[in-house]
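Please study the sequence and the three-dimensional model shown below. The paragraphs that follow lead through selected parts of the structure, one after another.

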Amino acid sequence: MRSAPVPRPRAWWRRLTAGTGLLALLATALVGAGTAPAAAAPTAWTPKPAPMTTPWTNQVPVDKPLPEYPRPQLTRPDWANLNGIWDFAVTGRDAGQPAAFSEQIRVPFVAESALSGIKRKITENDKLWYKRTFTVPSNWNGRRVVLNFGASDWQSTVWVNGTQVGAHKGGFDSFSYDITPRLNGGTNTVVVSVYDPTQTGGQAVGKQRINDVNPHPGGGIFYTAASGIWQTVWLEPVAASHVTRLDMTPNLGNSTLRVKVRAAAAGGRSARVTVSSGGTVVGTATGAPGADISVPVPNPRLWSPDDPFLYDVRAELLDGTDVVDTVGSYAGMRSIAVAKVDNVLRPVLNGKFVFQTGTLDQGYWPDGIYTAPTDAALRYDLQAHKDLGFNMVRKHIKVEPQRWFYWADRLGLLVWQDMPSMDTGKTPDAAARTQWEAEYHAVIDQHRSSPSVVMWVNQNEGWGQYDQARIADEVKAYDPSRLVDNMSGVNCCGSVDGGNGDVIDNHVYVGPGNTAPTATRAAVLGEFGGLGYKVPGHEWYPGGGFSYEDQAGTGALNNRFVGLLDAIRVGQLPAGLSASVYTEITDVENEANGLLTYDRQVVKVDTARVKAANQALIQASKTPPPPVTLPTGQYTSLRVTTPGHTTKYLRHSQELAYTAVVDSGSTALLKNDATWKIVTGLANSNCYSLESRNYPGEYLRHRDFRIRRDANDGSALFKADATWCAVAGQGGVRLSSANLPGSYLRHIGSEVWLATPGGGHAWDNAATFTEDTTWAVDAPWAP
């Protein structure tokens, strides 16, 4: 069948498209450069009221939201932002282009969001339609014109001037089309259709679910769907031969930056890469497009959270000695690997172990849902991590725009990037697997040059799980420069461990729990915490929020959260844990677990106190204290160190533990009750158990928080309850429960309890908590 005729271009346009290209000058993050003119936004368009307003809700321009250059690692000076008001319509899923577009939408905000101006539920029976006009700036003469989409969820088809120019499946990867042959030299029309079945299809959806867009009870850990275009749409002029991507991998072993210059129509061309710092060239090298080019970076300044230094990169495509295309970029010199540190397998950044402490970051907004209202908002959540002392963020089953990665690179945060999961409780079919893996490859390719990304997280808690081991090996082969997590939450929810990858990753709520390294994998805590506090006036659905453990107020929240961080520092870090991810940085819809409210208006925790706790945790990994040891096989007595009570000792009486004054005049029975034999831990050989002096075979254990002396019944539960891990204390030792890490043996009112910093029980009282949980190891009263 003969194709439909294409309108003949005007003479000047024929000359433009016939040219070999003009020099594209290097530029960095330009704002709104070369914006394509379009009809003025109709005065009738207004956004819908947001369920909650962020500080940036009312700062979003009507006609050009998100005006910043959208691709910081591949920049050109000339581009045209197509964000703004588009004509819009919704039809049945199988319908063709509608005759009329009766609504208008602000791109790139999804139809479910208030900032889009639509704000209604989109289902698997709907198809979204977008339309707008544009003209090409006259100074683009002689170059090709490419239409770029940051991301559109999920199945997108694009027409220019009535002719289809491409179709794309995938909600988290970018795509683009050379539309030069379809342009008419005047006013052009672009139409986009998007079909998004969300969880009813087989594709990657992450946390999206088809729900009412207005606040409502329920929802749990799943949130409002995000359908359609949700990242910047833009035009850019390129030469016929042009760079399409830079793959940059630092090699600290020989002080080089390895670069692959990916290019289109590059036959017979060469590529030149220059690395500079502060305008001074530090290295340059030339090679073939698509091949490894090693650029020397002598005495590299290493990128890290403490010093997120970035080098400027320029890549040029050469035809002989003529430059036909130039792009700007940046790179960080750093390495990430796993290695033995004091005989424990740890992740090492630039060859050194540093504990990675971060939060779960869902990337949702009450006004824009999947799209942050402004670039400043996008940066804000990452800056909040830095302000709170975190050095890592886990981007949870969502992939952000490249500007998010740019800010992580600039600010200095280690990123664990999840591949968005398919729906829970389903076994994906062959087509879904093929699509998911293709999209995962695209995501890796688009973000593989960001120094902040240190680990790919393949799957989460078994959602849509399959072929875990194969995928982990394949991802490691596809990007050997980063760590791979085959399953986050391998201990949870029916997930199946592939048994490989670089880390073993547990989820423990509230935690922190025990995650032990193996001979081949470092131990990480992929999720923990979930402490909740609902701030009146800042709830998505007032009264509808939930958490994993509600806190009575901000004081309790601070005590409990800092207590968890301290428990990791003094207990789990020495035991082999290398990283932890707290749930979560902000509330999200009806999840009230955030350190910040969903509207980003309130920071719930004491920033300085949390930062200090995180810094202490990180510093402890850099300069670990010597291990605390107790005299195994010997009798001892444990003395109270709380001022005013230092004549008291830990004793048992009628099977319960108390403290009592013991001195030389005390009865023989009291002296025996206050004497304990320290033995190797019944449940953990790195810890200890306390056997009664006068009741051999009976041990100090916790049960229902009360500490008691009971006979060993041989059960795993008893052994765990009766095992205590030694932690350094000021003037003594603290004894942390082996199966409830972060909870300590504490005396209060002469009774002895298992107490938790920030806990809600009377025996968790913060007053003199550290002193009450510190015991001096003295000579035994009954040898």
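This is a predicted model: local features need pLDDT of at least 70, side-chain atom pairs count only at pLDDT 80 or more; totals for chains, interfaces and linings use all residues.

Ala 726 has Leu 735, in strand 43, as its bridge partner. Strand 42 covers residues 724-729 and strand 43 covers residues 732-737; the two pair in the antiparallel sense over 6 bridges. In general terms, the strands of a sheet pair through backbone hydrogen bonds, and the pairing may be parallel or antiparallel. The hairpin formed by strand 42 and strand 43 has 2 residues between the strands, and Gly 731 takes a positive phi near 80° there.

For residues 638-777, UniProt lists the feature "domain: Alpha-L-arabinofuranosidase B arabinose-binding", from an unreviewed entry. In the model, the end C-alpha atoms of residues 638-777 lie 5 Å apart, and the span is 11% helix and 44% strand. Two contacts between a charge and a ring may be examined next. The charged end of Arg 706 sits over the ring of Tyr 658, at 4.9 Å from the centre of that ring. Arg 709, in turn, lies over the face of Tyr 695, and here the distance to the ring centre is 3.8 Å.

A second annotated span comes earlier in the numbering. The end C-alpha atoms of residues 123-196 lie 8 Å apart, and the span is 0% helix and 57% strand.

How many of its 6 residues are buried? The count is 5, and strand 7 is thus mostly covered. Strand 7 pairs with strand 8, residues 163-169, in the antiparallel sense over 6 bridges. Within this pairing, Val 158 stands opposite Gly 166 in strand 8. The hairpin of strand 7 and strand 8 has 2 residues between the strands, and Asn 161 takes a positive phi near 50° in it. Strand 7 is also joined to strand 10, residues 188-195, by 6 bridges, and these two strands run antiparallel. Thr 157 has Ser 193, in strand 10, as its bridge partner.

Phe 88 counts as buried because its relative accessibility is 0%. Tyr 130 is likewise buried, with a relative accessible area of 0%. Elsewhere, ring pairs link Phe 172, Tyr 223, Trp 230, Tyr 364 and Tyr 370 into a cluster.

Asn 83 lies in the loop between strand 1 (80-81) and strand 2. Is Asn 83 buried or exposed? Its relative accessible area is 0%, so Asn 83 is buried. A polar atom of its side chain lies 3.4 Å from the backbone oxygen of Leu 66. The side chain of Asn 83 also reaches the backbone nitrogen of Val 233, at 3.1 Å.

The next sheet is an open one of 3 strands, with the order 15-16-19 and antiparallel pairing. Its edge strands are strand 15 (242-251) and strand 19 (292-296), each of which pairs on one side only. Neighbouring strands of this sheet are turned by 30° against each other on average, direction ignored. Strand 15 and strand 16, residues 256-264, pair in the antiparallel sense over 9 bridges. Arg 245 has Arg 262, in strand 16, as its bridge partner.

Helix 3, residues 402-411, is mostly covered, with 9 of its 10 residues buried. Among them are Arg 403, Trp 404, Phe 405, Asp 409 and Leu 411. Just after helix 3, Gly 412 takes a positive phi of about 90°.

Terms used:
Residues are numbered from 1 along each chain as its sequence is written. Side-chain values use heavy atoms; hydrogens and water are left out. Two strands pair if DSSP finds at least two bridges between them. Helices (H or I, at least four residues) and strands (E, at least two) are DSSP runs, numbered from the N terminus. Axes are lines fitted to C-alpha atoms, for helices over the stretch in contact, and angles run from 0 to 180 degrees between N-to-C directions. Buried means under 20% relative accessible area, exposed over 50%, partly exposed in between (1.4 Å probe, protein chains only). Rings of Phe, Tyr and Trp (its six-membered ring) pair if their centres lie within 6.5 Å; planes under 30 degrees apart count as stacked, over 60 as edge-to-face and the rest as tilted. A charge sits over a ring if NZ of Lys or CZ of Arg is within 6 Å of the ring centre and within 35 degrees of the ring normal. UniProt positions are given in the numbering used here, feature names are shortened, and annotations may be inferred rather than shown by experiment. A polar contact is a pair of N or O atoms within 3.5 Å; within protein, one must be able to donate a hydrogen and the other to accept it, and residues adjacent in sequence count only if both atoms are side-chain atoms.
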